Amino acid sequence: ELERPDLNVAINISPSQLSQQDFGTWLLAQLSLQRIRPETVTIEITESAVVETSPELTDNLEALRRAGVKLALDDFGTGFSSLRLLMWLKPDELKIDKSFVVAASRDPVALKIVQLLQALTAQMQLLLVAEGVEDEALLLLLRQAGVQRFQGYLFARPLSRPALVAQSRANAPHSSGAPA
């Protein structure tokens, strides 16, 4: 169990999981067992996960959203990117695919796309996350483009559940022993 109730967790969800009947209910039960509050969880789904809708997919997304789970549209720009998808999903986050992020450092058109996505997400009150940030120069360029959230090896590598639990315990705020 995580020792940090303030820790936000992102979970990648596959298209097949999202299409399973009652997957949302199952995931919420798993979070409860681990004492993870739904409002601290963001599920990350790719555009391809929602290209073809089904009643199960819709039900799962609705159950998770009602419980407070946030939704991130991952790898944006690599699949069937459409404004209609943004209208239907109403994600909390938009994650720019690494290919655009890395290209922004050498291609003015890619940089313009990043800037446009930043403006779009600001207007829609979404969080924009740049994936694949691996060096300080790219971080600086993206900050100058208005991006405020980043993900990549510059900050951390992906963690397994046991590694996340171990790290959260190591970084848990120390208490005076008084009950919380």
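**Figure 1. Contacts of Ile45.** Leaving aside neighbours within four places in sequence, Ile45 is in contact (heavy atoms within 4.5 Å) with Ile13, Leu18, Val50, Leu71, Ala72, Leu73, Asp74 and Leu89. The model is predicted: local features need pLDDT of at least 70, side-chain atom pairs count only at pLDDT 80 or more, and totals for chains, interfaces and linings use all residues. Residues are numbered from 1 along each chain as its sequence is written, and side-chain values use heavy atoms, with hydrogens and water left out. Ile45 belongs to strand β2; helices (H or I, at least four residues) and strands (E, at least two) are DSSP runs, numbered from the N terminus. With a relative accessible area of 0%, Ile45 is buried. Buried means under 20% relative accessible area, exposed means over 50%, and partly exposed lies in between, with a 1.4 Å probe and protein chains only.

Figure 2. The chain holds 8 helices and 6 strands, and from the N terminus on its elements run β-α-α-β-α-β-α-β-α-α-β-α-β-α. An open sheet of 6 strands has the order β1-β2-β3-β4-β5-β6, with parallel pairing. Its edge strands are β1 and β6, each of which pairs on one side only. Two strands pair if DSSP finds at least two bridges between them. Strands of a sheet pair through backbone hydrogen bonds, either parallel or antiparallel. β3 and β4 pair in the parallel sense over 3 bridges, and Leu73 stands opposite Leu94 in β4. Strand β4 (residues 93–96) is joined by 4 bridges to strand β5 (residues 127–130), and the two run parallel; here Ile96 stands opposite Ala130 in β5.

**Figure 3. Helix α3 and what covers its buried residues.** Helix α3 has 13 residues (residues 55–67), which at 1.5 Å a residue should span 18 Å; the end C-alpha atoms are 18 Å apart, in agreement. The expected span is 1.5 Å times one less than the number of residues. Leu57, Asn60, Leu61, Ala63 and Leu64 are buried in α3. These residues cover an arc of only 160 degrees around the axis, which puts them on the same side of α3. The arc is that of the directions from the helix axis to the C-beta atoms. Pro55 and Arg66 are exposed on the other side of α3. The cover over the buried residues includes α1 (15–18), α2 (23–33), β2 (41–46), β3 (70–76) and α4 (83–89). Just after α3, Gly68 takes a positive phi of about 105 degrees.

**Figure 4. The buried face of helix α2.** Phe23, Gly24, Leu27 and Leu31 are buried in α2. Seen down the axis of α2, the buried residues fall within an arc of 100 degrees, so they line one face of the helix. An α-helix has 3.6 residues a turn, so residues three or four places apart point the same way. On the other side of α2, Thr25, Ser32 and Leu33 are exposed. Packed against the buried residues of α2 are β1 (9–12), α1, β2 and α3. Arg35 follows α2 and has a positive phi, near 60 degrees.

**Figure 5. Thr121 in helix α6.** Thr121 lies in helix α6 (residues 108–124). At 2% relative accessibility, Thr121 counts as buried. Apart from its neighbours within four places in sequence, Thr121 is in contact with Leu94, Leu126 and Leu128.

Figure 6. Rings of Phe, Tyr and Trp (its six-membered ring) pair if their centres lie within 6.5 Å; planes under 30 degrees apart count as stacked, over 60 as edge-to-face and the rest as tilted. By this rule there are 2 aromatic pairs. In the pair of Phe150 and Phe155, the ring centres are 6.4 Å apart and the planes are at 25 degrees, so the pair is stacked. Phe150 is buried, with a relative accessible area of 17%, whereas Phe155, at 44%, counts as partly exposed. Arg157 lies over the face of Tyr153, at 3.8 Å from the ring centre. A charge sits over a ring if NZ of Lys or CZ of Arg is within 6 Å of the ring centre and within 35 degrees of the ring normal.
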